[in-house]
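I'm jotting down what I look up as I go.

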Amino acid sequence: MLGDDDAVVEPLVADLAQKTHEEIRAFEDILASKLHQLDTEAHAREIGDGAYGAGYFSVDWFLYARCAVVASGRATYETVRNNPSAFPRDREFEALLNVASDAYERKTGETFDYTPRVSYETFSNRAGWP
């Protein structure tokens, strides 16, 4: 995505900061689950430059590319989840990873010390990497 990513997520951070601690953690769990579901070799082969198996593969870039899919909305997410070849090429949206922590810190003034139920880190979805 092009532009000021922090400005793009600001309305979401502001809204989430008005929620309960449990709702902020739930947001982080849902985000982690969606990113985890996209963490597959089939998806990694479709991200464009730096795709898995095409030379240097950055685990971080793949994570940020998965964030772009989730940030693009439910329809895009469902399409890409079910059809890896629909993965948008050469896009990233790292700012999505900081939404819950920024909202929590804005609400409480404290660091968001929470580990989601599933990991969104690349290669954590063992079923997706034969």
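How much space lies in the largest pocket? I get about 270 Å³. The model is predicted, so to speak for the record: local features need pLDDT of at least 70, side-chain atom pairs count only at pLDDT 80 or more, and totals for chains, interfaces and linings use all residues. Numbering runs from 1 along each chain as its sequence is written, and side-chain values use heavy atoms, with hydrogens and water left out.

**Pocket.** I looked up the lining next: 13 residues, with Leu12, Phe27, Leu31, Val70 and Leu96 the closest to the pocket's centre. H1, H2 and helix H4 (59-71) each give two or more residues, and H2 has the largest share, 6 residues. Helices here are DSSP runs (H or I, at least four residues).

**H1.** I checked helix H1 (residues 5-16): 12 residues, 17 Å from first C-alpha to last, close to the expected 16 Å (1.5 Å times one less than the number of residues). Asp5, Val9, Val13 and Leu16 are buried in H1 (under 20% relative accessible area, 1.4 Å probe, protein chains only). Down the H1 axis the buried residues fall within an arc of 60°, so they line one face (arc taken from the directions from the axis to the C-beta atoms). They pack against helix H2 (21-37) and helix H6 (99-108).

**Leucine 63.** I found leucine 63 in helix H4, and it counts as buried because its relative accessibility is 3%. Leucine 63 touches Leu35, Leu97, Tyr120, Glu121 and Thr122, leaving out residues up to four places away in sequence (contact: heavy atoms within 4.5 Å).

How values were computed: Buried < 20%, exposed > 50% of the residue type's maximum accessible area, 1.4 Å probe, protein only. 1 Å grid on protein atoms, 1.4 Å probe; cavity = no way out; pocket = protein on both sides within 12 Å on 5 of 7 lines; lining within 4 Å. Points joined across faces, edges and corners; volume = space filled by probe spheres on them.
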